[in-house]
Amino acid sequence: MAANFLLNTRDHKFILKEWLPMTQIFAYDAFKESYSVEDIDMILDQAHKMCREILAPTNEEGDKNPARLVDGEVILPESFKEAYRFVQENGWGSSNLDHESGAALPETVLTAVNEFMLGANPAFVPYVGATTGAARLIQTFGSDWLKEMFLPKMMDGTWTGTMCLTEPHAGSDVGDILTRAYPTDTPGVYKIKGTKCFITGGDHNLTENIIHLLLARIEGAAPGTKGISLFVVPKNRINEQGEITGSNDVTCVAVEHKMGLKGSATAMLSFGDNNDCYGYLVGDPPDEKGQAQGMAQMFQMMNGARFETGLMALAVAAVAYHNAAQYARERIQGRPITNPKGERVPIIKHADVRRMLMNLKAHNEAVRAMIYKTAFHIDVLLHEPDQEKKAFAEALVDVNTPLIKAYASDVVWPLVADAIQVYGGYGFSEEYPVAQAARDCKIYSIWEGTNYIQAMDLIGRKWTMKNGQVFQGWMAELHKTIESFKGLPEFSREYQMLAQAFQTYRSIQKTAMGFYMQQKYEMLPLYATRILHCTAKLYCGALIMEQAVLAQNQIAQLGEGHFDYAFYRGKVEAARYYVRNIVPEIMTVAGIMADADTSVLDVPEEAFEY
């Protein structure tokens with residue numbers, strides 16, 4: 001399996017060195033003494049080497065020897081321990097939160113590193129990613145004591161972290177959780193009692209302690225999400241010196257038997273079976289109305305996980321694409337349709353195989369553009385001193401987050417199916433990597449808030465934030481990008497398609513608003529997912545065209561004989577394909593919405609028995 005970690009770094013270098021203005025990011029105080037654009041090649045090459053030599057060999061072992069529960073502890077493959085130690089000790093893990101050391105990478109560059117890591121072993125990275133997210137949550141909202149007690153060992157990887165939201169009876173509907181927190185005589189310390197399920201990295205033997213960021217309702221707090229508080233609940237109790245003193249009454253009662261990501265332990269955890277589990281409140285207790293701060297705090301980690309989920313989907317699709325492309329170049333089968341009696345040729349010569357490979361390539365580059373553009377704005381949000389620029393970046397990140405999570409994780413499933421189809425019967429065999437890719441990727445559309453939730457968030461929240469001003473600003477920026485293509489003769493058709501799609505999207509919004517004004521509320525969720533896909537396709541189409549313009553300029557300067565010609569020509573053709581084959585689907589959805597078909601709502605439930 002190690003030999004099947006195929007992920008070319010050229011597009012990442014194009015994004016970071018030619019497309020995004022990374023000089024702006026490296027000029028911020030956090031990075032100006034440590035890194036520059038000239039360091040990008042070295043960083044990416046070293047990260048890719050680490051993934052190829054250290055992480056990729058663990059992928060097959062994790063798939064064939066899944067996480068297993070033995071005597072109350074989850075046991076992972078031995079290679080995971082060595083890989084985890086290497087990643088953390090060499091600065092590729094949660095230590096990137098430590099900006100004071102000068103070693104932390106910008107989010108935009110770290111996104112590339114994480115894509116490599118996820119491509120090498122998607123089941124391994126959540127142990128690092130969840131730790132980073134949990135530590136960042138404590139870093140943002142925790143008291144000085146919490147930071148002192150937990151951050152040093154989470155940042156250096158000595159301890160890992162998790163996010164504990166879901167319960168057996170309350171999945172996406174977090175407001176119905178039953179886990180309770182009871183005050184003790186010590187302010188800020190509560191007894192925790194409840195059960196959490198589907199907890200990624202909820203238990204394992206990588207580290208001596210696991211720090212759970214857990215949602216619970218304090219006795220007497222308001223019902224629903226408004227009354228939920230956030231707690232730091234370590235698996236093992238610690239003293240004031242940060243030393244482990246014994247169990248904190250947190251028990252792993254089961255691990256899920258999953259179709260994929262088998263090396264990632266998905267645990268069911270029981271807190272306080274012996275009434276001896278203690279957690280530390282993050283922030284303030286509920287106010288006089290019983291309203292608490294937990295959900296607002298947890299959204300930071302949830303949104304980070306949603307961004308990472310989109311990146312996971314991209315990484316799996318990218319590795320599947322590169323494997324399929326290599327196979328298509330090597331597999332000899334069939335003869336050209338133009339010369340049926342000629343020599344047998346590699347299957348990459350056949351039009352339908354080329355169509356599937358281009359569909360993979362174009363989607364990957366379009367989704368990658370959306371993710372990395374958002375990572376750039378995350379860097380601006382985190383480090384920009386100008387408040388107006390910071391607010392603009394925040395607005396873009398807010399709108400893009402549900403697009404990244406849902407669109408990337410929805411398209412990865414059919415994209416991997418294309419990769420399997422390129423292989424033919426061999427793709428259905430576990431001896432080849434695309435079969436595992438299919439098993440691994442399906443969860444992405446489900447976890448961290450199902451994609452339906454992301455779609456409802458887009459039309460219910462993002463469209464209406466600050467009386468619609470946030471989304472209007474997002475649309476204005478998108479329109480400016482599209483209009484920049486006007487007058488470019490080599491892209492006249494692509495400009496027309498994008499301009500038409502932009503206006504069509506406006507009509508989709510108008511139709512949706514009409515449903516609302518007519519009180520046909522059930523029509524909005526009926527079309528929500530398709531609206532989100534249209535939003536992402538329009539945005540991705542504009543971004544990939546922006547890259548194509550740069551690539552075309554490079555072709556004009558370098559000529560066809562240059563060693564980079566194939567790369568730049570590929571960028572141009574991938575953009576043409578996406579804009580002329582994928583973006584028009586926006587027009588199809590607009591027509592369907594205008595027709596306002598209600599068959600889904602009208603069919604009797606009993607009909608689904610047949």
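Predicted model: local features only at pLDDT ≥ 70, side-chain atom pairs only at ≥ 80, totals over all residues.

Reply: We begin with a term: helices here are DSSP runs of H or I with at least four residues, numbered from the N terminus.

Me: How many cavities of 30 Å³ or more does a search of the whole structure find, and what is the volume of the largest cavity?

Reply: A cavity is a set of grid points where a 1.4 Å probe fits but cannot get out. The search finds 2 cavities of 30 Å³ or more, and the largest cavity has a volume of about 190 Å³. Its lining comprises 18 residues, with Asn59, Gly119, Val319, Pro433 and Ala437 closest to the centre. At least two lining residues come from each of α3 (40-64), α5 (107-120), α8 and α11 (433-441). By class, the lining of the largest cavity holds 12 nonpolar, 5 polar and 1 charged residues.

Me: Which residues line the second largest cavity, and which element supplies the largest share of that lining?

Reply: The second largest cavity, with a volume of about 30 Å³, is lined by Ala313, Leu314, Ala317, Asn364, Val367, Ala408, Val411, Val412 and Leu415. Two or more of these residues come from each of α8, α9 and α10 (387-423), and α10 provides the largest share, 4 residues. The lining of the second largest cavity divides into 8 nonpolar residues, 1 polar residue and no charged residues.

Me: How should I read an open space, and what is the volume of the second largest pocket?

Reply: A pocket, unlike a cavity, is an open set of points. The second largest pocket has a volume of about 850 Å³, and among its 24 lining residues Tyr321, Ala325, Arg329, Lys361 and Gly570 lie nearest the centre. The elements giving two or more residues to the lining of this second largest pocket are α1 (10-19), α8 (294-330), α9 (351-383) and α16 (565-582), and α9 gives the most, with 7 residues. The lining of the second largest pocket is made up of 9 nonpolar, 6 polar and 9 charged residues.

Me: What does the span of α14 show when I apply the rule of 1.5 Å a residue?

Reply: The 26 residues of α14 should span 38 Å, and the end C-alpha atoms of α14 are 38 Å apart, which agrees with that expectation. After α14 comes Gln519, whose phi is positive, near 60°.

Me: How many aromatic pairs does the structure hold, and how should I read their geometry?

Reply: Ring planes over 60 degrees apart count as edge-to-face, and those under 30 degrees apart as stacked, with the rest called tilted. The structure holds 22 aromatic pairs, one of them formed by Trp145 and Phe150, which is edge-to-face at 6.4 Å centre to centre and 80° between the planes. Trp145 is partly exposed, with a relative accessible area of 29%, whereas Phe150 is buried, at 0%. For Phe471 and Tyr505, the ring centres are 6.4 Å apart and the planes lie at 35°, so the pair is tilted. Phe471 belongs to helix α13 (residues 469-483) and Tyr505 to helix α14 (residues 492-517), so their pair ties together parts that are 34 residues apart in sequence.

Me: Which ring does the charged end of Arg10 sit over, and over which face does Lys442 lie?

Reply: The charged end of Arg10 sits over the ring of Phe567, 4.3 Å from its centre, while Lys442 lies over the face of Trp413, at 5.7 Å from the ring centre.

Me: Finally, where is Lys262 found, and how far apart are Lys262 and Asp63 in space?

Reply: Lys262 is in the loop between β10 (250-255) and β11 (266-271), and counts as partly exposed at 27% relative accessibility. Although Lys262 and Asp63 are 199 residues apart in sequence, their C-alpha atoms are 5.2 Å apart in space.

Terms used:
Residues numbered from 1 in each chain as written. Heavy atoms only, no water. 1 Å grid on protein atoms, 1.4 Å probe; cavity = no way out; pocket = protein on both sides within 12 Å on 5 of 7 lines; lining within 4 Å. Points joined across faces, edges and corners; volume = space filled by probe spheres on them. Nonpolar A, V, L, I, M, F, W, Y, C, P; charged D, E, K, R; others polar. Phe/Tyr/Trp six-rings, centres within 6.5 Å; stacked < 30°, edge-to-face > 60°. Buried < 20%, exposed > 50% of the residue type's maximum accessible area, 1.4 Å probe, protein only. Lys NZ or Arg CZ within 6 Å of the ring centre and 35° of its normal. Expected span 1.5 Å × (residues − 1).
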